[in-house]
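Let's take a walk through a protein model together. Keep the picture open beside you as you read.

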Amino acid sequence: MLMVGKEVPDFETEAYFPEEGKSEKIKLSDYRGKWVVLCFYPADFTFVCPTEINAMARTYDELKKMGVEVISMSTDTVFSHKVWHETSELIKPVKFVMGADPTGKVSRLYEVYDEESGTAVRGRFIIDPDGILRAVEVLYPNVGRNVKELVRQIKAFQFVREHPDQVTPAGWEPGKKTFAPDMKIAGKVYTVWKPEE
Amino acid sequence: MPCLEPDKNLSEEAKKVLKALSELKSATKTELAEKTSFDTPLISRKLRELAEKGAVKEENGKFVITDDGLEAVKKI
């Protein structure tokens, strides 16, 4: 598994740009300086995938305001992405880049390729502006992911990036209490944080 | 002989980046992003498109326009 805290592998692949209606090559390293959500899913025109992609599309404006770019990725071609975007009500709102990985090269690089089905499993990677992997979530294909939790995690990572002396406790939301990890509170975290805080 | 026919070969965004680079002489991606109001991923893609067509090249971490690129700018 790719390790959090390490630089992610770069890749170049064809991608569909729904707003422009065209395909073009993208390189992950082009996105340095931005937060990136790289989101693998099994296949266009299937069942859970359009619900996830739609959820991401409905959250995209909020993510953009947070300085986050989204790249979806499946082993479909850009032609499949184009027709899916044009014909599926749930996919029409998509404005983010839809990466195409028909050879499975990128999916293998990120260790989410399922050799038996020839598709990617649900792998989601949060990458910081320096290209460092901050979070990974991989789900079996029959359960969809939660975009609200994705947003919460990015906000937490952005907070600790700006406040490197602080950590965010479980379920942290902006405005909630954070604290500095210090030997003085080892075994006594309850003195600086309560579950209801 | 110039290999570029800007109206046929270059996207509108690439033409804007090329024109901006011709005015700046040499620039980083960030400087081009500021000049064009494009975001840096788009600048990177357009610079790659321009480099593949021989219109720009990278020198010491900055992008500069080539002779073919200068010829292309005249036709934009």
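This is a predicted model: local features need pLDDT of at least 70, side-chain atom pairs count only at pLDDT 80 or more; totals for chains, interfaces and linings use all residues.

Residues are numbered from 1 along each chain as its sequence is written, and chains are lettered from A and ligands numbered from 1 in the order in which they are written.

Chain A has 4 helices and 9 strands (DSSP runs numbered from the N terminus: H or I of at least four residues for helices, E of at least two for strands). Starting at the N terminus, their order is β-β-β-α-β-α-β-α-β-β-β-β-α. Along the principal axes, the C-alpha atoms of chain A fill a box of roughly 60 × 30 × 30 Å.

Now look inside. The largest nonpolar core has 40 residues; such a core is a set of buried Ala, Val, Leu, Ile, Met, Phe, Trp, Tyr and Cys residues joined through C-beta atoms within 7 Å. Buried means that 20 or more other C-beta atoms, placed from the backbone, lie within 10 Å of a residue's own. Val37(A), Leu38(A), Cys39(A) and Ile71(A) touch the most other members. Strand S3 (35-40) and helix H1 (48-65) of chain A are among the elements giving two or more residues, and S3(A) gives the most, with 6.

Finally, 4 residues of chain B are in contact with 7 residues of chain A, where contact means C-beta atoms, placed from the backbone, within 7 Å.

Definitions and conventions: Two residues are in contact if their C-beta atoms, placed from the backbone, lie within 7 Å. A residue is buried if 20 or more other C-beta atoms lie within 10 Å of its own, exposed if 12 or fewer, and partly exposed in between; C-beta atoms are placed from the backbone.
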